[in-house]
Amino acid sequence: MVKRFLSRAYIGIILLFLYAPILILIVLSFNASKSRAKWGGFTLHWYQQLFRNEDIMSALYTTLIIAFTSALIATILGTAAAIAINSMKKTPRLIMLGITNIPMLNADIVTGISLMLVFVAVNYTLGFTSVLLSHITFNIPYVILSVMPKLKQLNPHTFEAAQDLGASPLYAFYKVILPDIFPGVLSGFFLSFTMSLDDFVITYFTKGPEVNTLSTKIYTEVRKGIKPEIYALSTLMFLTVLLLLIFINRRNAGKNAPIRKL
Amino acid sequence: MNIKNTLTHAAEKKPDSGVQFSRVNKVKWLSFPYILWSAGFILIPLVLVLYYGLTDNNNSFTLSNIALITDPINLKALLLALELSIVSTVICLILAYPLAMIMNNSKMQSNSFTVLIIILPMWMNFLLRTIAWQNILEKTGILNTVLKFFHLPTLNIINTPAAIILGMVYNFLPFMVLPIYNVLIKIDKDVIAAARDLGANGTQTFLKIILPLSLPGVISGITMVFVPSLTTFVISTILGGSKIVLIGNVIEQQFRLGNWHTGSGLSLVLMIFILISMALISKYDKESEGGNLW
């Protein structure tokens, strides 16, 4: 009984630790005072201002486009790669998995710098595309690591059975393999999307001067003070995801975990 | 009897995944885009860092960029970064292990739900969450207001190394919790039951069964927290004020000023530390797999 109470209390403290800053940001989005340090009364002003602020809206647009496109391309390349790696012999498989681990284990600052050096070396102007290519690069490993466990669980004979029954390899893949590994593919996509959305360091080194994502825009404002519209936007994004997850969780209650491995 | 070896052995005996697509050798072609991609965007970039780090402006070979790490300012930044990242990794481990165990033991709705609670904060921008800690830690911030209310002495930790450690623990705690949790949920409940049947008490079961089996998760958690903490420049910028300089800040500044050779040279030093920690960790991991548990 005491043990149970202690466990609950411990979880509570950790959750408070993790979510306290988020609560503060939500409160700040309703703060009538422009200053972060004092409370000037409740207002919805920043939420109205937000949609008129072209700078922020274009940063949001860039962020979402890059997150979606990079997650999509990484999911396609990563899933194909995972299937191929899974069917490789031991040595090439270990080499490929070792390379896949590099972007995940290496420091962001080194990954960002190294990608920047490549773009500069081939005289490629830093901008939207260089950020997109960089995001795809650090997203692919998340997809591969999400899909691999699902491939390992596959029954090796269903694919052959489908082909014996006359299905073309592509059709058999689409009908037999894809449905089985789909949860892994989906969690790879969402993990990639989240990572891309939250990335600052790699974007910072690979972007050109005229491109801004929300992260880099916020960073330029750290010293002079964050615009309250940013708090409003973050609150909206956070609550959207929260509601979406609650909805999905309700619907899937009891079903298997969509996200298993980071 | 070595339980862990038996378990890994059993795991390896599962149908080998390599055969399932053997009929379609074409499947190997699927890896071509990724092989090209990883060559172009993972391997060549690292070679370029190596090249820039070992050359000067005239493209001739030099070790002077790397030698710059012995410059007192840079050395101090590196040592401070090492100190802070080691402290925050240890704190993360101490906080995360019990949390992962509680998550594993409690009958929460589903695995995904517990995991989501831990990664959900990532949907609020990482920079903003760190900035929010300024609000909490400032002289007249929330923490001190609460402390004053209870007539407790106030804390002044903003713009000190303590604030940076807090920022590191806050940002990277999920990367310690999730790998440990992922290993714990895979531990066979029968193994634990068997230990209890054979007379082991709770502490013995933990020390002899759970802890050794969870070691791979602990180890990957340590790397996932140590490396980003060692190399951060954002957390120190936001929570450390302008006076505290970590090695990440030095490298970022060199690149901002256009000194790519110097920046790359210092990155190489950083990569040495990353590689050493990974090598130590993987060696330790292998030793524990070979060693006897009983």
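Residues are numbered from 1 along each chain as its sequence is written, while chains are lettered from A and ligands numbered from 1 in the order in which they are written. Because the model is predicted, local features are given at a pLDDT of at least 70 and side-chain atom pairs at pLDDT 80 or more, whereas totals for chains, interfaces and linings use all residues.

**Confidence**

The predictor assigns the complex an ipTM of 0.86 and a pTM of 0.86. For single residues, the confidence score is pLDDT, which runs from 0 to 100; chain B averages 83, and 84% of its residues score at least 70. Within chain B, helix H1 (residues 3-13) has the lowest mean, 39, and helix H4 (residues 72-105) has the highest, 95. Over residues 1-23 of chain B the pLDDT stays under 50, and the model has 26 contacts for this stretch beyond four places in sequence. Residues 286-294 of chain B are also below 50, with 10 contacts beyond near neighbours in sequence. Where pLDDT is low, the predicted coordinates should not be read in detail.

**Architecture of chain B**

Chain B has 13 helices and zero strands, where helices (H or I, at least four residues) and strands (E, at least two) are DSSP runs numbered from the N terminus. Of the 294 residues in chain B, 39% are buried, a term that requires 20 or more other C-beta atoms within 10 Å of a residue's own, with 12 or fewer making it exposed, anything in between making it partly exposed, and the C-beta atoms placed from the backbone. Among contacts in chain B between residues at least 6 apart in sequence, 74% join residues at least 24 apart; here a contact means that the C-beta atoms of two residues, placed from the backbone, lie within 7 Å.

Helix H6 (residues 126-137) of chain B has 12 residues and reaches 17 Å from its first C-alpha to its last, close to the expected 16 Å, a span defined as 1.5 Å times one less than the number of residues. H6(B) is mostly covered, with 10 of its 12 residues buried, including Arg129(B), Trp133(B) and Leu137(B).

**Two residues in one loop**

The loop between helix H7 (142-149) and helix H8 (161-184) of chain B holds His151(B), and Asn159(B) is also found in the loop between H7 and H8. Each has a positive phi without being a glycine, as the table shows.

| Residue | Phi | C-beta atoms within 10 Å | Exposure |
|---|---|---|---|
| His151(B) | about 55° | 6 other C-beta atoms | exposed |

**Where the chains meet**

In the contact between the chains, 73 residues of chain B touch 75 residues of chain A. Helix H2 (residues 32-53) of chain B gives the most to this side of chain B, with 12 residues. The side of chain B that touches chain A divides into 49 nonpolar, 19 polar and five charged residues, where Ala, Val, Leu, Ile, Met, Phe, Trp, Tyr, Cys and Pro count as nonpolar, Asp, Glu, Lys and Arg as charged, and the others, Gly among them, as polar.

**A loop residue in chain A**

Ala32(A) is found in the loop between helix H1 (2-28) and helix H2 (45-50) of chain A, and Ala32(A) is partly exposed, with 13 other C-beta atoms within 10 Å. Leaving aside neighbours within four places in sequence, its contacts include Gly40(A), Phe42(A) and His45(A). Ala32(A) and His45(A) are 13 residues apart in sequence and 7.5 Å apart in space, C-alpha to C-alpha.

Notes. pLDDT = per-residue confidence, 0-100.
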